[in-house]
Amino acid sequence: MREILLGSEQTFRNMPVEIDIENKKYWILKDSDLDSYRLVSRKCPHAGALVEMEYGEMVCPMHGWSFDLHSGTCLNIPTKGLTAYTIIVIEGMLFAQM
């Protein structure tokens with residue numbers, strides 16, 4: 001596992017935040033209840049389409065699956081979800097553990 005610096009916690013205020021890492025698209029999500037972050041892939045687990053933000057929801061335009069804004073879990077098929085990685089905070093900086 002490696003840690004990838006995402007940036008200052010202050011930079012990421014309005015969640016979810018879209019970010020590119022090594023030419024791949026992700027979102028940074030925050031669980032307000034636990035005050036924790038996670039990094040999720042924008043690639044839909046069903047057919048690999050890029051999940052988009054539509055009307056305040058994360059939705060796969062190919063088949064209409066929607067995903068929880070805090071965890072990336074699929075709301076249509078709860079056993080599915082966006083690939084997720086832990087984010088740790090060290091001295092105000094966010095690091096993805098990938």
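Analyst: We begin with pairing: two strands pair if DSSP finds at least two bridges between them. Strands (E, at least two residues) and helices (H or I, at least four) are DSSP runs, numbered from the N terminus. This is a predicted model, where local features need pLDDT of at least 70, side-chain atom pairs count only at pLDDT 80 or more, and totals for chains, interfaces and linings use all residues. Residues are numbered from 1 along each chain as its sequence is written, and side-chain values use heavy atoms, with hydrogens and water left out.

User: What is the order of the six strands in the open sheet?

Analyst: In general, strands of a sheet pair through backbone hydrogen bonds, either parallel or antiparallel. Here the order is E1-E9-E8-E4-E3-E2, and the pairing is antiparallel. E1 and E2 stand at the edges with a single partner strand each, so one side of each has no neighbour in the sheet. On average, neighbouring strands are turned by 35 degrees against each other, direction ignored. That angle uses axes, which are lines fitted to C-alpha atoms (for helices, over the stretch in contact); angles run from 0 to 180 degrees between N-to-C directions.

User: How many bridges pair E4 with E8?

Analyst: Four, in the antiparallel sense; E8 spans residues 84–90. Arg 38 has Thr 86 of E8 as its bridge partner.

User: Which strands form the open sheet of three?

Analyst: The order is E5-E6-E7, again with antiparallel pairing. E5 and E7 are the edge strands, each pairing on one side only. E6 and E7 are joined by two bridges. Met 58 has Phe 67 of E7 as its bridge partner.

User: How do I read a nonpolar core?

Analyst: In soluble globular proteins, nonpolar side chains tend to be buried together. A nonpolar core is a set of buried Ala, Val, Leu, Ile, Met, Phe, Trp, Tyr and Cys residues joined through side-chain atoms within 4.5 Å. Buried means under 20% relative accessible area, exposed over 50%, and partly exposed in between (1.4 Å probe, protein chains only). The largest core here has 13 residues; Leu 6, Phe 12, Ile 19, Ile 28, Leu 39 and Ile 87 touch the most other members. E1, E2, E3, E4 and E9 each supply at least two of its residues. The largest share, three residues, comes from E2. A second, separate core of 12 residues includes Trp 27, Val 40, Trp 65 and Phe 67.

User: What does Ile 28 touch?

Analyst: A contact means heavy atoms within 4.5 Å. Not counting residues up to four places away in sequence, the contacts of Ile 28 include Leu 6, Phe 12, Pro 16, Leu 39 and Ile 87.

User: Is Ser 66 buried or exposed?

Analyst: Ser 66 counts as buried, because its relative accessibility is 12%. Ser 66 sits in strand E7, residues 66–67. Beyond four places in sequence, Ser 66 touches residues including Met 58, Thr 73 and Cys 74.

User: Which backbone features deserve a look?

Analyst: Take the peptide bond between Met 15 and Pro 16: it is cis, with omega about -5 degrees. Pro 16 lies in the loop between E1 and E2. Asn 23 is not a glycine, yet its phi is positive, about 65 degrees. Asn 23 belongs to the loop between E2 and E3, and is exposed because its relative accessible area is 81%.

User: Where does Tyr 55 lie?

Analyst: Tyr 55 is in the loop between E5 (52–54) and E6 (57–59). Its phi is also positive, near 55 degrees. Tyr 55 counts as exposed, at 85% relative accessibility.
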